[in-house]
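Thank you for making time for this.

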Amino acid sequence: MNKAISIYPHELSEDYLLKCETYLKLANTYGFNTLFTSIHLPEIDIHKQIDTLVFLNSLALNYNYELIVDVAGNSLKTILDDKKLFDKVSNIKPFILRLDCNYDLTTVILFTNKIKIKGFMINASTFNEVDATKEVEQLRCTNSNVIACHNFYPRKETGLDEEFIYKQENIFNKLNVEIYYCLPSIQNLRGPLHEGLPTIESHRNKDIYYCALELINKYHVTNILFSDEFYLEDEFKAFKDVEDNKIIPIKVRLLSNKYEDIVLQKQKFRYDSNSNYLRSLSSRKMAEFSTKIEKDNCVERTKGSITIDNELYLRYSGELQVVLKDNPKDDRVNVVGYIEEDELLKLEYYRQGYEYLFVRS
């Protein structure tokens, strides 16, 4: 899997330089080897943005990162027209040029004739099939390495939906162009809106476990961009846990302490569980050696309920289940706790071999 982090232009200071270097080291330990940045932020002077790029290039060289530079037509033209800026950029190692907006092919070709690049990245969110085909064919005449990256969406309610994602995947698969997807943070949100930078709207304000599970297992994504800045180490770890099929934590709310030994443990669910219930393999093994479970709180089993079969269920006494749809009460089944919707969504991928650790919310 190709994994990228983002660092955007800032006012350079000693503290900032150290923070960036520490971040690259951290990301590198989790298998990240690509650095995404931008030189077309309207709120920051272009000279300061290029100074940040020069610094990030030195870090990329030191820590063996691929560099992706996000540009627009006006920033390319400014660099070509300003000898001081041009000289700085021409000394940067070959990078992937991400063409964002308002560019024309003539300027791009002029730029790449003067400054060596490693390839192009185009916007996977804004092309229909006809335009994407034309764009990729034209760019490949200049440089054969063409990849894509979906937009990220700072403004709430503007991210992509499932149907559109599959449509764009189909277009770019035909062109043999790989796509990066943006995965937001919920701990270090980039301004000015501080509402996350997801590609997919349903990922906004969701933790990385959920976003990563869906991207990897539902959309089969192989190129990830951490689009916010300076993710904490626990977010890197969460992504790697999903990537490596390690144990996924699930927050649960217990109604009492009576069933902690059955619930608060590692849960592996039966592959043949159905759309109503997830059946825990872990609890079945425990039930073979445990005392009988008395009848208790046999109420309606609403979606997200955690249940344990009681002694009236005979040999099944002690089996834990997670309820996926509303079901009526059963005197043989105790409701012992609940899982909130966001946590419940993570359980959808149990057939991909994931195990889960139930912990108190």
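The side chain of Asp 45 caps the N-terminal end of α2, with one of its oxygens 2.9 Å from the backbone nitrogen of His 47. Please keep in mind throughout that this is a predicted model, and that what I say about it is computed from that model.

Does the length of α2 agree with its residue count, or disagree? The helix runs over residues 46-63, which makes 18 residues, and at 1.5 Å a residue it should span 26 Å; the C-alpha atoms at its ends are 25 Å apart, which agrees. Just after the helix, Asn 64 adopts a positive phi of about 60 degrees.

Which residues of α2 are buried? They are Ile 46, Gln 49, Ile 50, Thr 52, Leu 53, Phe 55, Leu 56, Asn 57, Leu 59 and Ala 60. The elements that cover these buried residues include the helices α1 (14-29), α3 (73-81) and α4 (83-90), together with the strands β2 (34-38) and β3 (66-72).

One of those covering helices, α4, holds Leu 85, a residue that is buried at a relative accessible area of 0%. Setting aside its neighbours within four places in sequence, Leu 85 is in contact with Ile 46, His 47, Ile 50, Thr 78 and Ile 79. For a sense of distance, the C-alpha atoms of Leu 85 and Cys 149 are separated by 26 Å, and these two residues are 64 apart along the chain.

Turning to the loop between β2 and α2, we find His 40 there. Is His 40 buried or exposed? Its relative accessible area is 19%, and since the cut-off for buried is under 20%, His 40 counts as buried. Its side chain makes a polar contact of 3.2 Å with the side chain of Asp 100. Residues up to four places away in sequence aside, His 40 touches Gln 49, Asp 70, Val 71, Ala 72, Ser 75 and Asp 100.

Now to the aromatic residues, of which the structure holds 16 pairs. In one of them, the rings of Tyr 8 and Phe 152 have centres 6.4 Å apart and planes at 80 degrees, so the pair is edge-to-face. Tyr 8 belongs to the loop between β1 (2-6) and α1, while Phe 152 belongs to the loop between β6 (146-149) and α7 (162-174), so this pair ties together parts that are 144 residues apart in sequence. Of the two partners, Tyr 8 counts as buried at 2% relative accessibility, whereas Phe 152, at 23%, counts as partly exposed.

Another pair is formed by Tyr 313 and Tyr 316, whose ring centres are 6.0 Å apart and whose planes stand at 80 degrees, so this pair is edge-to-face as well. Tyr 313 is partly exposed at 25% relative accessibility, and Tyr 316 is partly exposed at 32%. The ring of Tyr 313 also has the charged end of Arg 332 over it, 4.0 Å from the ring centre. Elsewhere, ring pairs link Tyr 23, Tyr 30, Phe 32, Phe 226, Phe 230, Tyr 231, Phe 236 and Phe 239 into a cluster.

Finally, I come to a sheet. It is an open sheet of seven strands with mixed pairing, in the order β10-β15-β9-β14-β12-β13-β11. Which strands stand at the edges? They are β10 (266-267) and β11 (277-279), each with a single partner strand, so one side of each has no neighbour in the sheet.

Within that order, I would draw attention to β14 (residues 333-338), which pairs with β9 (residues 248-254) in the antiparallel sense over two bridges. There, Arg 253 stands opposite Tyr 338 in β14. The pairing of β14 with β12 (residues 305-309) is likewise antiparallel, over five bridges, and Ile 306 has Gly 337 of β14 as its bridge partner.

Definitions and conventions: Residues are numbered from 1 along each chain as its sequence is written. This is a predicted model: local features need pLDDT of at least 70, side-chain atom pairs count only at pLDDT 80 or more; totals for chains, interfaces and linings use all residues. Side-chain values use heavy atoms; hydrogens and water are left out. Helices (H or I, at least four residues) and strands (E, at least two) are DSSP runs, numbered from the N terminus. The expected span of a helix is 1.5 Å times one less than its number of residues. Buried means under 20% relative accessible area, exposed over 50%, partly exposed in between (1.4 Å probe, protein chains only). Contact means heavy atoms within 4.5 Å. A polar contact is a pair of N or O atoms within 3.5 Å; within protein, one must be able to donate a hydrogen and the other to accept it, and residues adjacent in sequence count only if both atoms are side-chain atoms. Rings of Phe, Tyr and Trp (its six-membered ring) pair if their centres lie within 6.5 Å; planes under 30 degrees apart count as stacked, over 60 as edge-to-face and the rest as tilted. A charge sits over a ring if NZ of Lys or CZ of Arg is within 6 Å of the ring centre and within 35 degrees of the ring normal. Two strands pair if DSSP finds at least two bridges between them.
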